[in-house]
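Welcome, and please open your viewer. We will go from stop to stop, and at each one you will hear what to select and what is there.

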Amino acid sequence: MEKIKIGISSCLLGNNVRYDGGHKWDRYVTETLEEYFEWVPVCPEVEYGLPIPREAMHLVGEPATPRLVTVRTGIDHTSGMLKWSDKKLKDIENEELCGFIFKSRSPSSGISGVKVYTPSGMPSRRGTGIFGGAFMRHFPIIPVIDDGRLHDPQLRENFIERIFVYRRWKDFLQNNTSIKDLVAFHTEHKLLILSHSPKHLSALGKLVADAKRRDRKELFTEYIRVLMEGIQLIATAKKNTNVLLHIAGYFKKNLSPDDKQELLEIIDQYHRKYVPLIVPIVIINHYIRKFNEPYLQKQYYLCPHPLEMMLRNHV
Ligand code: SF4
């Protein structure tokens with residue numbers, strides 16, 4: 001498999017680019033994810049022109065429009081950093097990124113919960129870093145996460161699933177652009193979308209049904225926007241259980257009463273969080289192969305990312 005390009009805050013790769021000359025190396029990134037992803041490192045502060053080491057900075061003012069200021073000497077780098085971010089984001093357009101992992105809590109790279117200090121010196125945790133915020137405004141549908149959330153199994157699985165969906169969408173745009181191809185893409189992702197948001201599945205179904213009457217470019221833009229918005233919602237145990245029961249319905253004529261009972265019991269054990277999602281999925285995949293069920297065979301829900309990543313062993 002060709003590696004997928006993912007942007008990343010440079011210090012997470014172990015590069016000594018932090019204000020104190022250190023790094024924030026993340027083992028999971030370099031030891032597990034590197035097998036599937038090609039990194040595009042970005043250090044906004046260094047690329048903007050600040051030295052290593054340098055004076056620490058923080059955000060001050062209004063959380064919605066904070067200023068990036070050095071802590072001790074009060075030098076304001078906001079407009080310089082915004083200008084650099086604009087140029088950098090235009091360059092990044094050519095990289096074809098399918099995701100970005102940001103350093104949490106950084107006044108430059110953070111994407112949420114960054115401390116913003118009021119004039120009285122009181123911090124609130126409601127800010128986004130200058131570059132992190134600019135990235136999300138420029139690329140609203142590219143999946144993003146920070147290193148803190150990356151270590152939450154559910155948020156990690158969600159992030160990586162979105163990366164693979166987005167990558168398949170990019171491949172789709174390169175190879176197919178007919179309505180028939182869009183219908184096929186949508187059909188293969190139906191159960192995956194259902195596991196995140198029945199509401200978004202229904203909206204996407206309407207878009208596809210209306211496809212022939214729509215301008216093609218506008219349709220595709222709207223389709224991927226709604227899709228990425230929907231799958232950002234967490235696939236909870238309740239939502240996954242609904243999908244698993246729906247899938248179990250496909251085997252009602254093939255399974256013996258005993259096997260049927262066993263499958264329902266395993267789904268229930270997953271619902272009660274006694275076993276992880278991978279357990280019912282393995283059994284279902286076994287039945288799909290055994291009974292040659294063509295609609296289910298094509299569902300990305302049953303294999304949304306490489307099994308070796310073991311993401312569903314922990315959710
Ligand atoms: S958090 Fe961002 S700005 Fe700070 S060192 Fe890491 S990459 Fe550079």
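The tour begins with the whole protein and then visits single places.

**Before you click**

This is a predicted model, in which local features need pLDDT of at least 70, side-chain atom pairs count only at pLDDT 80 or more, and totals for chains, interfaces and linings use all residues. Residues are numbered from 1 along each chain as its sequence is written, and side-chain values use heavy atoms, with hydrogens and water left out.

**Stop 1: the whole protein**

Show the C-alpha trace: along its principal axes, it spans about 75 × 50 × 35 Å. Now switch to a cartoon view, where 12 helices and eight strands make up the secondary structure. Helices (H or I, at least four residues) and strands (E, at least two) are DSSP runs, numbered from the N terminus.

How many of the 315 residues count as buried? The share is 47%. Here buried means under 20% relative accessible area, exposed means over 50%, and partly exposed is in between (1.4 Å probe, protein chains only). As for contacts (heavy atoms within 4.5 Å), take those between residues at least 6 apart in sequence: 66% of them join residues at least 24 apart.

**Stop 2: the ligand**

Select the ligand and the residues around it. There are 13 of these residues, and Cys11, Arg18, Cys43, Ser106 and Ser109 come nearest. A residue is near a molecule or strand if one of its heavy atoms lies within 4 Å of it. Colour the shell by type and you will find five nonpolar, four polar and four charged residues. In this scheme Ala, Val, Leu, Ile, Met, Phe, Trp, Tyr, Cys and Pro are nonpolar, Asp, Glu, Lys and Arg are charged, and the others, Gly among them, are polar.

**Stop 3: helix H3**

Select residues 78–92, which form helix H3, and pick out lysine 88. Is lysine 88 buried or exposed? Lysine 88 counts as buried because its relative accessibility is 17%. Leaving aside neighbours within four places in sequence, lysine 88 is in contact with Val42, Glu47 and Phe131.

Not counting residues up to four places away in sequence, tryptophan 84 touches Val42, Pro44, Glu47, Tyr48 and Phe131.

**Stop 4: helix H5**

Move on to arginine 168 in helix H5 (residues 153–175). With a relative accessible area of 14%, arginine 168 is buried. Beyond residues up to four places away in sequence, arginine 168 touches Phe185, His189, Leu192, Tyr300 and Pro304. Try the distance tool from arginine 168 to leucine 296: they are 128 residues apart in sequence, and 18 Å apart in space from C-alpha to C-alpha.

**Stop 5: backbone details**

Most residues other than glycine have a negative phi, and most peptide bonds are trans. With that in mind, select isoleucine 52 and proline 53: the peptide bond from one to the other is cis, with omega near -10 degrees. Proline 53 lies in the loop between helix H2 (44–48) and strand S3 (57–62).

Then go to lysine 273, in the loop between helix H10 (257–271) and helix H11 (278–291). Lysine 273 has a positive phi, near 65 degrees, and is exposed, with a relative accessible area of 67%. Asparagine 292, in the loop between H11 and H12, has a positive phi too, near 50 degrees. This asparagine 292 is exposed, as its relative accessible area is 52%.

**Stop 6**

Select serine 120, in the loop between strand S6 (114–117) and strand S7 (123–127). Serine 120 counts as exposed, at 63% relative accessibility.

For the last stop, where is asparagine 313? Look in the segment after helix H12 (294–297). Asparagine 313 counts as partly exposed, at 31% relative accessibility. Not counting residues up to four places away in sequence, asparagine 313 touches Pro276 and Ile278.
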